[in-house]
2 protein chains.
Amino acid sequence: MASRPKATILDIAREAGVSKSTVSLVLQGSGLIRPETALKVRKAIEDVGYVYNRGAANLRKAHSNVIGMVINDLTNPFFAEMAVGMERVFQSAGIVPFIANTAENPVRQEEVLKSLMEQGVAGLIVSPARGTTPGAFRRIEMAGLPIVFTMRRLPESRIPVIAPDNHRGAWLATAHLIGKGHRRLAFFGGSSDLVVYHERLGGFREACEALGIAKRDTLVVEGETSRKGGIACLETALAMADPPTAALCFNDAVAFGVMLALRKRGLEPGADFAVVGFDDVVEAQHYMPALTSVAVDSAGLGERAAHVMLKMIQSRTTRAEDHIGAVNLVVRDSCGPDRRTGMGDAA
Amino acid sequence: MASRPKATILDIAREAGVSKSTVSLVLQGSGLIRPETALKVRKAIEDVGYVYNRGAANLRKAHSNVIGMVINDLTNPFFAEMAVGMERVFQSAGIVPFIANTAENPVRQEEVLKSLMEQGVAGLIVSPARGTTPGAFRRIEMAGLPIVFTMRRLPESRIPVIAPDNHRGAWLATAHLIGKGHRRLAFFGGSSDLVVYHERLGGFREACEALGIAKRDTLVVEGETSRKGGIACLETALAMADPPTAALCFNDAVAFGVMLALRKRGLEPGADFAVVGFDDVVEAQHYMPALTSVAVDSAGLGERAAHVMLKMIQSRTTRAEDHIGAVNLVVRDSCGPDRRTGMGDAA
DNA sequence: GCCTATAAATGGAACGTTCCAATAAATCAA
DNA sequence: TTGATTTATTGGAACGTTCCATTTATAGGC
């Protein structure tokens, strides 16, 4: 069990009675080697417990089979779903995604990106941490490494983005609320340093305007994009003079928080206050009441990102089109009509 | 933007007017270099957009700063929580964890492990996929690479394990149910190819026996360790002649499924049927009703695993003690007294 | 039998680092 | 001044692969 100096292709060559070049060819599955020789070599590989040194190999041929996926919040189930989609397509292409978490910390993100690059990844799929500085990806672009953003975009960057149609999603959700008769609407959670925030808030505002809700009947409360943030948002809103009767939440986590806080006050989500989420994570349909949410097809987005990355690698380019994924509102039980106006659609 | 051939330490050396050795020394933060020289070098590094090639470096010094974390189910929030704990301790040690998902697929696991090893990781923290063959880690052990298992252990392996006290956790939960007056108990979810399953089921059985529940009043339903599995388990159980009134679930996901299925049948979890989960993921406290569950301190387990790994790496050993983490039952609202016997504790 | 064409296997240089041994420059003791 | 010591810097070999240019073995054509 003493860890002997690990075997190299030379050891295998000696063991199998061939040259190192032959071993190398076998490892690459070259057809130039006589089958019996290949067999002999493979046996030797097995016998000595050889492990391929990709670092050494990359020194020559410079094309690794790993890509890095850098995400800002591993505990958000949304990203797990997306990762699963990605993995599906990468697996069939023989490439392995390594996932690294930045926990929404730009400094950590810097470290993680550095490490990934040093490791010689073939490409990077990144959901940038909040507060990422504009120059954070300059090194990567300079190195000509393929990179795509998912979900979030940076203010003035030309890196391709794979993201859902946030504007339209928010528009749909808001229109739904208004259709239910609500006249005092809130937008809960998120913060203005995120481009996504402006997209979703923009959709909310435009829908309000287009459907005749005055700006002063509209309330925007920033907050953490978590359950905790949602709780805080609701407290703030209900403390106001003329509180809203419905809210579009920045994401499902916020929506869950809002529902929790409603319950705590003895209010019934859906009946006493309408709430709609964003992302439609799997939990949404299992909540009580089931959460109406904007479905963004996370797995599909992941697949898309993977495909774009694959294409970039193959065509050795660093450019790609943005991809804005279709969204749709899935209506469940968390948005009843406004009780006061009583003028909503039939539930 | 054309990706010029990437810079090496020789380019930097030329740029800064020093030798490659000097550059190497600067990169390693050696104190042997005159500060002004070091500064000059660092400037050159910045100017040419250099990225360190760790593969080449490892060729000589063979100690990378990355460890691989291989998990069987990325979508289980439990692992995300654990990963966060790990990251905390690794970060301060300057090592970067890369996470790879096997989606409970032994073949995928094989690929992922292979890739990680080839990449030259310093160690591996693995939660093995279901159905992992006994020999799956032979290569890794042969290579003398530090490896620890988390959560799951393999039948006849001497690889150190970091896991919660499953037996005791199940015992506590079962005793709680019995204390509430339940006399017909079920164990839901999981499958017998998992060692953890036997540990938890063992705790359940022993508690039943010790506290006077006859084996024939006991029901065991295997099933997927997911919400879906939980739903199926409940259906099966309620279809029986003399159904149970309470269930210990293999994990929280199963418990959520059971609660869902109860609701769907018009039964109220807690009041009409008691359910307790295992793991105590964050969702547990937010469910309706809040789920009573066995807390395993996932983040703490992650930290522990990371510490053990660090120690193994430093002492260049491949041996370590198992660590069985303390558990405790957190009682919430999902287990009322048995209505029929009416002999439980006061709720 | 010889020459050529094809198939199979090989040696050596190169890839980007580290580190040892060696050199060059600066400082000190006498 | 000279030799010894310390401080900075450097060249070169080594790490484990790939791949090109060769060599060697095998087969085919006449």
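Chain B superposes on chain A through a rotation of 180° with 0.1 Å of shift along its axis, at an RMSD of 0.1 Å, where copies are superposed by least squares on the C-alpha atoms of residues with pLDDT of at least 70 in both. That is the relation of a two-fold axis. Among the residues of chain B, B:Gly55 comes closest to the rotation axis, its C-alpha lying at 2.0 Å. Because 100% of the interface residues of chain B are also interface residues in chain A, the copies meet through the same surface. The model is a predicted one, in which local features need pLDDT of at least 70 and side-chain atom pairs count only at pLDDT 80 or more, while totals for chains, interfaces and linings use all residues. Residues are numbered from 1 along each chain as its sequence is written, and chains are lettered from A and ligands numbered from 1 in the order in which they are written.

The axes of helix α2 (residues 20-27) and helix α3 (residues 35-48) of chain B come within 10 Å and cross at roughly 90°; helices here are DSSP runs of H or I with at least four residues, strands are runs of E with at least two, and both are numbered from the N terminus. Axes are lines fitted to C-alpha atoms, for helices over the stretch in contact, and angles run from 0 to 180 degrees between N-to-C directions. α2(B) and α3(B) are therefore roughly perpendicular to each other, a label given to angles of 65 to 115 degrees. On the side of α2(B), the contact is made by B:Thr22, B:Val23 and B:Val26, and on that of α3(B) by B:Thr37, B:Ala38, B:Val41 and B:Arg42; contact requires C-beta atoms, placed from the backbone, to lie within 7 Å.

Next come the strands. Strand β4 (residues 147-150) of chain B points B:Ile147 and B:Phe149 one way and B:Val148 and B:Thr150 the other way, and all are buried, that is, 20 or more other C-beta atoms, placed from the backbone, lie within 10 Å of their own. Strand β3 (residues 123-126) of chain B pairs with β4(B) in the parallel sense over three bridges, pairing being assigned if DSSP finds at least two bridges. B:Ile125 stands opposite B:Val148 in β4(B). β4(B) also pairs in the parallel sense with strand β5 (residues 161-164) of chain B, over two bridges, and B:Thr150 has B:Ile162 in β5(B) as its bridge partner.

Finally, B:Val258 sits in helix α11 (residues 252-264) of chain B. B:Val258 counts as buried because it has 31 C-beta neighbours inside 10 Å.

Terms used
A residue is buried if 20 or more other C-beta atoms lie within 10 Å of its own, exposed if 12 or fewer, and partly exposed in between; C-beta atoms are placed from the backbone. Two residues are in contact if their C-beta atoms, placed from the backbone, lie within 7 Å. Angles under 35 degrees count as roughly parallel, over 145 as roughly antiparallel, 65 to 115 as roughly perpendicular and the rest as oblique.
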